[in-house]
Amino acid sequence: MKFLRFLLRLFTLSALGAVWGVAGVYLYLSPNLPDVETLRDVKLQTPMRVYTREGDLIGQFGEQKRSPLPFDAIPPQFINALLAAEDDNFFHHQGIDLMGLMRAVSELVLTGEKGSGGSTLTMQVARNYFLTLERTFLRKFNEILLAIEIERQLNKQEIFELYFNRVFLGHRAYGFEAAAHVYYGKGIDQLSLAQHAMLAGIPKAPSRNNPISGPDAGLERRNWILGRMQQLGYIDNNAYRSAVSEPITAAHHGAQLSFAAHYAAEMARQEMLDRYGIAAYNDGFQVYTTISSDLQQVAQQAVVNGLITYDKRHGYRGPERQMPPATDNAEEIAEMQATWIATLRDTPTVAGLRAAVVTQVRDDGITVMLGDKRSGDILWDNGLKQASPYLSENARGRAPQKPADVVAVGDLVRVTEDDKGAWHLTQVPAVQAALVSLNPDNGAIVSVVGGMGFEDSKFNRATQAQRQPGSNFKPFLYSAALDHGFTAASLVNDAPVVVDDSSLEGMWRPENDSGKFYGPTRLRWALTKSRNLVSIRLLQQLGVDNLLAYIGRFGFDASQYTPNLSLALGTQTTSPLELATAYAVLANGGYGVKPYLIQRIDDLNGETIFNARPPTVCRDCSQVAEAPAEIGGEELSMEEILAQKDQAPPRAERVMDERVNYIINSILQDVITQGTGRRALALERKDLAGKTGTTNGPMDAWFSGYNRDVVTTAWVGFDHYTPLGRREFGGTAALPIWIDYMKVALEGSPDQPRPLPPGIVRVRIDPDSGQLAAPGQPGALFEYFREEKVPKDSAHGNDSAPGTRGTEDLVRDIF
């Protein structure tokens, strides 16, 4: 009896000691526990997503892949799978599972090793959000206390939602919705029972149990969970048998982009990083750009087609590399093919041009193997026959006579598949191109392509390349001349020029492209035909300082230009985006705009925190000159966003005399109809204007052109500044890209003449002198003048000056 009383006292004292111990631990730890209420406002690290203006996803940026879901959006089947895997008593306990904890403690005492753990979902939430992963008793006590406090302040649905969206699941996926996309390329609501069980099994060991890194361990864990679901009555026998027999279908999926627009997405990423710093990657911003989904894809295809067409004109450069050749040894063959497959999988596809290894060469064609182990035949006529060897940019070798003249077994080549399933030999062009298209009324970037393929080169030539524009710059020189008193009929002598200028490294003897001289030439005709010598003499008469002072209004940074006469030929460097922005002024009637890409930014909750309000040309109202507004601006409150919703955007500032703008536009229309841009007549429109550009070498080929609704610049050249070939010009290399794009971009844009502005006079002139034509003079032409700049003299004397003749005799229209 005494012994029993001793045991009772011992048990009582032990219990009291345990209570006092727990109380002491609580009193010690509780003051340092984090505030559970912060879980209600927790901000999960959610990647930034970039969309087109139509809402198509074109980019996702952020270290952690996360797609948070509310509890109501989580499939009940997955909830059951996760409960079976982690905590089937979750909806009944108060944060801790005493039986589970006791089991874990007994396993630790008996085996000396950590066993089942005993952590509830609530305890895991406490650990994931507030605690470290260190395995100490102190941290475990903190975890228990926090779990109890979490259960007191949050309901079960909120706790489950926090766990669902936070837990790490391998391959940078955080939360089960993100993991569903990473492993299966679908939302969690689209997955099967077996796939739900597979995901539910990952948290126990994310690196070992995920279906990509550890498919065997993941399968074992999945089937155990399915068995638990059956035991708990969540699924019946038929569902269990069907699910355990389902094979593993997981594969790594990147962001599910609507289509590839990497250069545009990267521009948005950089701008967001400048705005928000590292928070841009984690705060779940939804970035809506000005990019048109349809036109962006058209632009990319136009660039690819243009470069491949150019490339075919210059010959086949051979395989990208030579792989180990075939042997007769079976083991060596297997090893060789494994090497081939590994190399092919590591070789990125560029603009749809896939890497392949030649496995067989026959008289009628070749067989190639792709990275997915598929094989395909390429017939003689499908790229092999046409593969004359490249010798230089100006020469190709003799046409091949048989497939063996082109490739050998083990060659790594590029192939493409047509709509009928036939394979063709091709190659990734060495030349590069860029295209940028704007809305001229506000500078919105409608499409931008920075090269052949982002996979091949991340350098964005549309915005980062600094290249000489050549004659593409001449319209701004001629605009400056018109603004300073010259007219489209002014004569400038097309004759040899010798310039002694130290900034040009001695004597400079420029020439026309044709090598000929044409004598006195009207400015309209000189720009239409891109006469270099007229342009240089025109700049001599205008003055370099006057040109530099004028071109700043188009967005050019004249402070960076060397002040010499070579500016007349476009020797200063610029980017395609900068040039397109300048042409936007010509297209919109003479108003300054700034290019911009981000139209709207929404936060994680879908609230708009930024809305671009760029200076905009008002077509239906009388423009008033005013200081241009900032495109970016500060972040706005919801009240400010709503207040701006119905307000008209700020008006763009007039930077160019509207009459000068009209005259230069009419000249650039002549470039299309009579000059170096005649290929654009294929578009069968009357409202197009533009200018080619070709630099010495030629190194750079350009075409910039527009109508009232779209302005687009295309550039072609080599990154390493080597010649394109003596037969390559702006009209042959760049203009076809521009045409392919604009034939789609102009759909829906009315083909209508630009209205004449007030103060424009249209008179008949003598084409040889630029003076007023005599009555009835054959061969006379109509020309536009600013009213105060109408010629005072006639080609046959002063008797027909405007002051002595009637309006009807001048045959002029004044509007």
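This is a predicted model: local features need pLDDT of at least 70, side-chain atom pairs count only at pLDDT 80 or more; totals for chains, interfaces and linings use all residues.
I started with arginine 531, which is buried, with a relative accessible area of 10%.

Next I looked for its partner. Arginine 531 forms a salt bridge with aspartate 494, and their closest N and O atoms are 3.9 Å apart. Aspartate 494 sits in strand β16 (residues 491–494), while arginine 531 is in the loop between α18 (523–528) and α19 (532–542), so the bridge ties together parts that are 37 residues apart in sequence. I checked aspartate 494 too: its relative accessibility is 1%, so it counts as buried, as the cut-off is under 20%.

Then I moved on to arginine 659. Its salt bridge is with glutamate 788, at 2.9 Å between the closest N and O atoms. This pair links distant parts of the chain: arginine 659 belongs to helix α23 (residues 658–673), glutamate 788 to the loop between β28 (781–786) and α25 (807–810), and they are 129 residues apart. Buried or exposed? I looked up arginine 659. Arginine 659 is buried at 14% relative accessible area, but glutamate 788 is partly exposed at 43%.

My next stop was aspartate 700, whose side chain meets that of arginine 467 in a salt bridge (2.6 Å, N to O). Again, distant parts of the chain are linked: aspartate 700 is in strand β25 (residues 700–706), and arginine 467 is in the loop between β15 (445–449) and α17 (474–483), 233 residues away. I found both aspartate 700 and arginine 467 buried.

Last, I went beyond single pairs. Asp441, Arg619, Arg708 and Asp709 are joined in a network of salt bridges. How many salt bridges does a search of the whole structure find? I got 29.

Terms used. Residues are numbered from 1 along each chain as its sequence is written. Side-chain values use heavy atoms; hydrogens and water are left out. A salt bridge is a side-chain nitrogen of Lys or Arg within 4 Å of a carboxyl oxygen of Asp or Glu. Helices (H or I, at least four residues) and strands (E, at least two) are DSSP runs, numbered from the N terminus. Buried means under 20% relative accessible area, exposed over 50%, partly exposed in between (1.4 Å probe, protein chains only).
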